[in-house]
Amino acid sequence: MLVYIRGAGDLASGIALRLFHSGMEVVMSDLPVPTSVRRTVCFSEAIRLGRTQVEDVTAVRADTKEEIMKALQERKIPVVPDPSGEICRSLPPDAEVDAILAKKNLGTAITDAPVVIGVGPGFTAGADCTAVVETKRGHTLGRVIAEGSAIPNTGIPGNIGGYTTERVLRAGCAGTFHSLHAIGDLVTAGEPVAKVGDEVICAKIAGRIRGMLQDGIAVPAGMKLGDVDPRGEAAQYLTVSDKALAVGGGVLEALLRFGGALKK
């Protein structure tokens with residue numbers, strides 16, 4: 001089964017790992033200038049660097065259909081700077097997974113592929129996709145929804161160590177982003193960790209930087225710049241998260257349930 005995943009951020013990359021390790025062929029797309037923050041576990045870095053590795057899987061940038069096919073033959077994941085998905089859909093894929101996590105549908109249609117899976121809020125199974133996979137932490141995380149939608153976005157990040165919104169670094173104004181720390185660094189509460197223009201962004205809590213936007217890109221006010229994990233030295237930042245793997249398991253189930261009979 002050839003699966004096209006829209007988005008190549010941390011959750012999409014966890015999904016890609018699950019599918020790749022299950023023997024499926026995976027192609028991904030993202031923005032020409034990706035805005036992923038947990039870049040050590042994001043295949044979107046292949047667009048910026050030409051090649052990247054998440055755990056034991058390698059991804060490469062691909063700009064044409066021919067480059068996509070070459071990467072697939074080499075058992076790599078091609079990542080295309082093509083947010084519209086035009087190139088990827090021309091393959092054509094057996095299934096499409098929208099893992100942009102925009103909290104709304106940005107153009108995915110149930111007719112895009114024989115099986116279309118929506119990840120998280122913004123999709124309705126049977127209307128704009130075949131099935132939806134829940135992304136909210138809790139009892140229903142990773143469950144496949146065959147009728148209806150995922151739990152609406154609350155706007156509050158998941159609770160880790162008693163912290164929610166305090167974990168997230170956001171821009172207070174528009175400007176050019178510059179990081180003062182690298183992913184993996186340990187920081188203290190109140191310590192400067194980044195700048196947007198002349199504004200200094202300080203960590204609200206002590207912990208380990210688990211995500212940080214790539215340096216030098218323009219950001220609007222309110223944009224997520226990174227996150228601090230309060231677990232400190234115990235925080236894992238080089239492997240995909242439990243949440244990403246759980247959602248990936250849900251996507252794998254959905255593809256087998258609704259597309260298991262597909263033959264290339």
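The legends below describe several close-up views of a predicted model. Residues are numbered from 1 along each chain as its sequence is written, and side-chain values use heavy atoms, with hydrogens and water left out. Because the model is predicted, local features need pLDDT of at least 70 and side-chain atom pairs count only at pLDDT 80 or more, whereas totals for chains, interfaces and linings use all residues.

**View 1. An open sheet of 9 strands with mixed pairing.** The strands follow the order β3-β4-β5-β2-β1-β6-β7-β9-β10; helices (H or I, at least four residues) and strands (E, at least two) are DSSP runs numbered from the N terminus, and two strands pair if DSSP finds at least two bridges between them. At the edges stand β3 (51–54) and β10 (144–145), each with a single partner strand, so one side of each has no neighbour in the sheet. Strands β7 (residues 115–119) and β9 (residues 131–133) run parallel and are joined by 3 bridges, and Ile117 has Ala131 in β9 as its bridge partner.

**View 2. The largest nonpolar core, with 38 residues.** Such a core is a set of buried Ala, Val, Leu, Ile, Met, Phe, Trp, Tyr and Cys residues joined through side-chain atoms within 4.5 Å, and buried means under 20% relative accessible area (1.4 Å probe, protein chains only), with exposed over 50% and partly exposed in between. The residues with the most contacts inside this core are Ile5, Leu19, Met28, Phe43 and Ile77, while α1 gives the most to the core, with 7 residues. Leaving aside neighbours within four places in sequence, the contacts of Ile77 include Ala16, Phe20, Val26 and Phe43. Another core, of 20 residues, lies apart from the largest one and has among its members Leu169, Ala171, Ile209 and Val228.

**View 3. Gly14 in helix α1.** Gly14 counts as buried because its relative accessibility is 0%. Leaving aside neighbours within four places in sequence, Gly14 is in contact with Val240, Ala244 and Leu245.

**View 4. Strand β17 and its antiparallel partners β14 and β19.** Of the 6 residues of β17 (residues 207–212), 6 are buried, so this strand is largely enclosed by the rest of the structure. Strand β14 (residues 186–187) pairs with β17 over 2 bridges, and Leu186 stands opposite Arg208 in β17. There are 4 bridges between β17 and β19, and Gly211 has Asp227 in β19 as its bridge partner.

**View 5. Asp229 in strand β19.** Asp229 counts as buried because its relative accessibility is 1%. Leaving aside neighbours within four places in sequence, Asp229 is in contact with Ile160, Ala206, Gly207, Arg208, Arg210 and Ala235.

Terms used
Contact = heavy atoms within 4.5 Å.
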